Amino acid sequence: MTTHGDAERIRPDIQRAARMVDVGAKEITDREAEAECIVTMSIEACAQLVAGTPKGNPVEAARVAGLIGVKRTPDLLPFCHPVAVTGAEVHVEPDAGSGQIRVWTRVRARDRTGVEMEALTAAAVAALSLYDTAKAFDRGARIDGLRLLTKSGGKSGDYSAP
């Protein structure tokens, strides 16, 4: 059996090779993260999304897409470990008067690694679902401000965005 040390002697570039870090020795703790982004479009396009389209309710579809994003994060991001998610929320908050839809997510887990990427992925996927529908009404629609709002648990401690 080849060990990591053997691999370094055989391939000097192994230290730069992509790999998942070993989290096996880390303590299992409660983890939580919140993220957000904003989908901006014309007031008319936002009103269409809120009213619904022939495809159905884009706001509800975005919530479901965000939840799927939480579950699929380790399939999309090569350094993410599968995490034992204990809960997830995706809120889609339209402001038809401004043409903006805020996507806010919260993900909780009890595991050895955090859920920041799951919360960010949920927000991004929900926003992409909204954009997919909005583009029929406004080609200039955009997604802005994807960011981590808070995280708690783990060795690095808590974080709150300024």
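Mentor: Happy to; we'll go from the overall layout to some single residues. Keep in mind that this is a predicted model.

Trainee: Okay, how many helices and strands does the protein have?

Mentor: There are four helices and five strands. Along the sequence they come in the pattern α-β-α-α-β-β-α-β-β.

Trainee: And in what order do the strands sit in the sheet?

Mentor: The five strands form an open sheet with the order E2-E3-E1-E4-E5, and the pairing is antiparallel. E2 and E5 stand at the edges with a single partner strand each, so one side of each has no neighbour in the sheet.

Trainee: How many bridges join E2 to E3?

Mentor: Ten bridges, with the two strands running antiparallel. If you want a spot to look at, find Val 85, which stands opposite Ala 109 in E3.

Trainee: Switching to helices. Which residues of H2 are buried?

Mentor: Ala 45, Cys 46 and Leu 49. They cover an arc of only 100° around the axis, which means they are on the same side of H2.

Trainee: What covers them?

Mentor: The cover includes H3, E2, E3 and H4. On the face of H2 turned away from the buried side you'll find the exposed residues Glu 44 and Ala 51. Just after H2 comes Gly 52, with a positive phi of about 100°.

Trainee: Now H4. How far apart are its end C-alpha atoms?

Mentor: They are 27 Å apart. H4 has 19 residues, and at 1.5 Å a residue they should span 27 Å, so the two values agree.

Trainee: What do the buried residues of H4 pack against?

Mentor: They pack against strands E1, E2, E3 and E4 and helices H2 and H3. The buried residues of H4 include Leu 120, Ala 123, Ala 127 and Leu 130.

Trainee: Which residues touch the most other members in the largest nonpolar core?

Mentor: That core has 29 residues, and Met 41, Val 92, Ile 101, Val 103 and Leu 130 touch the most other members. The elements giving two or more residues to this core are E1, H2, H3, E2, E3 and H4. H4 gives the most, with eight residues. As background, nonpolar side chains in soluble globular proteins tend to be buried together.

Trainee: Let me pick Ile 101. What is Ile 101 in contact with, leaving aside its neighbours within four places in sequence?

Mentor: Its contacts include Cys 37, Val 39, Met 41, Cys 46, Leu 49, Val 92 and Leu 130.

Trainee: What about loops? Is Arg 139 buried or exposed?

Mentor: Arg 139 is exposed, because its relative accessible area is 68% and exposed means over 50%. Arg 139 lies in the loop between H4 and E4. Its C-alpha atom is 9.8 Å from that of Ala 45, although the two are 94 residues apart along the chain.

Trainee: And where does Gly 157 lie?

Mentor: Gly 157 is in the loop between E4 and E5. At 22% relative accessibility, Gly 157 counts as partly exposed.

Trainee: Last one: how much of the protein counts as buried?

Mentor: Of its 162 residues, 37%. The accessible surface comes to about 9,400 Å², and 54% of that belongs to carbon and sulfur atoms.

Note on methods:
Residues numbered from 1 in each chain as written. Predicted model: local features only at pLDDT ≥ 70, side-chain atom pairs only at ≥ 80, totals over all residues. Heavy atoms only, no water. Buried < 20%, exposed > 50% of the residue type's maximum accessible area, 1.4 Å probe, protein only. Areas by Shrake-Rupley, 256 points an atom, 1.4 Å probe, with all protein chains shown as cover. Expected span 1.5 Å × (residues − 1). Contact = heavy atoms within 4.5 Å. Core = buried A, V, L, I, M, F, W, Y, C linked by side-chain atoms within 4.5 Å. Arc of directions from axis to C-beta. Pairing = 2+ DSSP bridges.
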